[in-house]
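Here's a quick briefing to read with the model open beside you. Take it topic by topic and click along as you go.

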Amino acid sequence: MVGPAGPSASSPVSSRRRRLRPGRGEGRSRRRRRRGGGAAPRTMQLHFSPSMRSITISSSNGFVDLMKIKVAARHISYRTLFHTILILAFLLPFVFILTAVVTLEGVNKCSSFGCLGRRFGPTILRRVDHSGRLVRDFQKILSEVKSADIPDNLKLPDSFDQLVLEIQNNQYDARTFALKLRAMMEKFEKEIKESKFAELMNKHFAASSVPKGIYCLSLRLTDEYSSNAHARKQLPSPELLPLLTDNSCHHFVLSTDNILAASVVVASTIQSSLKPEKVVFHVITDKKTYAGMHSWFALNPVSPAIVEVKGIHQFDWLTRENVPVLEAVESHSSIRNYYHGNHIAGANLSSTTPRTFASKLQARSPKYISLLNHLRIYLPELFPNLDKVVFLDDDVVIQRDLSPLWEIDLGGKVNGAVETCKGEDDWVMSKRFKNYFNFSHPLIAENLDPEECAWAYGMNIFDLRAWRQTGIREAYHAWLKENLKSNLTMWKLGTLPPALIAFRGHVHPIDPSWHLLGLGYQIKTDIESVKKAAVIHYNGQSKPWLHIGFEHLRPFWTKYVNYSNDFIRNCHILES
């Protein structure tokens, strides 16, 4: 029989296969050589044909093909598929990184095309941003604990770091954390408020006290008055006495018991005057300060200007009969207790803001029951021969010639003053009657308009001739009596409120550039405005001669202090 068709054992193809197929012994010897490590190890190589139809696996020497795989044609190009896989493999790490960043940042919204990955990345990868939900849950918890009662025995940490440490150690739930946080904030707010009130009280005491240097100055000058004849010489000299009643001169009135402050007012006025020879100062002080005040101006003449120093006790007109109300104000025990007593006792600090408390303290300054502070209401009687005077407070500095004030036509009015209701500053220059008076009192409500504009004391030009034709002094006394009867329930603040009533209809507004107020209140006072003002007024607690004065505003005052004077040096005035 004939066998199946196929190549014979001696055919060329069969012999070629035999030549290519290694013998069993040879294969075993090669395997032994590999295991022995005598030769370098071989590596496998993977080859793709250009058409992507076949893949060949060969040894590292490149002569023996260990395996050849043929790939059948498909409808989708394997080259395209391969390139797609490579691109995806390259981009995948960046997708993961972008997703992580978005998740950490909590980005919820994007509007630009470049933000597309941030919008959809977390969703595609099943990574959803829960920060919005977390915030809403926390807001809900805060709303719940806002009205909750805080346990009396709740132990509070003293700092935020301690709070974090307690949370880590005790694993508080969110409500406990929120409750502790609220209790801590309320505790700190209370402590801050109490500290602010204490600061205001200390500032009030500092403003009401006499600095050691100024007290020293007064004592040394008083001693000089008793031991030095030059300190007791007549002021002014006899030949100049007629000028004290000469209406062609510019007469200034200053009422104070502060020698240093008086020296600055007089020196700044004279140095700023274009005609100092026409300047006449009438300095009025109390009995205890008279000797020291007289000594200062006797030993430090200000020629060609003239200075007269008089004590209240030297005015025959100032008797108990003429000023009965003011005597009552100074001597009445309840009134003195109001101004000199415990300013915190009975005060409900929990319902009071620091600013309101500061205003109340200012209203209780002892200076408001001093006769020197009420003295300006008696100017027509104290200077019967004068027609016009400028009244100055002792906490002002004159920076410009004031002689044009005598040329202002007051239109028959008595008081030329700067109004304090037309400024942007709500602390000093936005004052109306409602800021000074208690309009729940029937007398105040019936007689006054709460929106009426207030005006300032401190630098006023008074027409004494017109004043003598009015009943200003009588109205002042009458309203003071009513306020005393009502136990000070009509107003609290010293001398200005009764003057606002008494001078109603008698005030002529002058340009605000004449008088800049608030340098004792406002730390943010505009320096350029200070430089341009004719008179700057340190009204408020932070007087320039006190250590609580504002450092950047003090030089406008200290430039007129005579630091070369022996008394100033020996008393260490304003030394740090």
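Predicted model: local features only at pLDDT ≥ 70, side-chain atom pairs only at ≥ 80, totals over all residues.

**Disulfides**

- Start with Cys216 and Cys571, whose sulfur atoms sit 2.1 Å apart in a disulfide. The angle about the S-S bond is -70°, making this link left-handed. Cys216 belongs to helix 8 and Cys571 to the segment after helix 22 (566-570), so this bond ties together parts that are 355 residues apart in sequence.
- Cys421 is in the loop between strand 9 (415-417) and helix 16 (442-447), while Cys453 is in the loop between helix 16 and strand 10 (459-463), so the pair ties together parts that are 32 residues apart in sequence.
- Both of these cysteines count as buried: Cys421 has 11% relative accessibility, and Cys453 has 17%.
- If you number the bonded cysteines of the chain in sequence order, the pairing reads 1-4, 2-3.
- Another cysteine to find is Cys249, which is buried with a relative accessible area of 6%.

- Helix 7 covers residues 174-208, which makes 35 residues.
- Which residues of helix 7 are buried? They are Ala178, Leu179, Lys180, Ala183, Met184, Phe197, Leu200, Met201 and His204. Note that a lysine, Lys180, is in that list.
- Helix 9 (259-272) has 14 residues and reaches 20 Å from its first C-alpha to its last, close to the 20 Å expected at 1.5 Å a residue.
- How many of the 14 residues of helix 9 are buried? The number is 13, so the helix is largely enclosed by the rest of the structure.
- At the start of helix 9, look for a side-chain oxygen of Asn258, which comes within 3.2 Å of the backbone nitrogen of Leu260.

**The second largest cavity**

- This cavity has a volume of about 60 Å³.
- What lines the second largest cavity? The lining is made up of His250, Phe252, Thr269, Ser272, Ser273, Val279, Arg400, Asp401, Leu402, Ser403 and Trp406.
- By type, the lining residues divide into 4 nonpolar, 5 polar and 2 charged.
- Strand 4 and helix 9 each supply at least two residues of this lining.

**The loop between helix 8 and strand 4**

- Asn228 lies in this loop, which runs between helix 8 (212-227) and strand 4 (250-255). Its relative accessibility is 18%, so Asn228 counts as buried.
- The side chain of Asn228 reaches the backbone nitrogen of His230 at 2.9 Å.
- Pro236 has its place in this loop too.

**Other backbone spots**

- Pro304 is found in the loop between helix 10 (287-299) and strand 6 (306-311).
- Asn487 has a positive phi of about 60° although it is not a glycine, and Leu488 likewise has a positive phi of about 60° without being a glycine.
- Asn487 is in the loop between helix 18 (472-485) and helix 19 (496-502), and Leu488 is in the loop between helix 18 and helix 19.
- Asn487 counts as exposed at 53% relative accessibility, whereas Leu488 is buried with a relative accessible area of 9%.

Definitions and conventions:
Residues numbered from 1 in each chain as written. Heavy atoms only, no water. Helix = DSSP H or I, 4+ residues; strand = E, 2+ residues; numbered from the N terminus. Buried < 20%, exposed > 50% of the residue type's maximum accessible area, 1.4 Å probe, protein only. Polar contact = N/O pair within 3.5 Å; in protein donor to acceptor, adjacent residues only side chain to side chain. Expected span 1.5 Å × (residues − 1). Disulfide = S-S within 2.5 Å. 1 Å grid on protein atoms, 1.4 Å probe; cavity = no way out; pocket = protein on both sides within 12 Å on 5 of 7 lines; lining within 4 Å. Points joined across faces, edges and corners; volume = space filled by probe spheres on them. Nonpolar A, V, L, I, M, F, W, Y, C, P; charged D, E, K, R; others polar.
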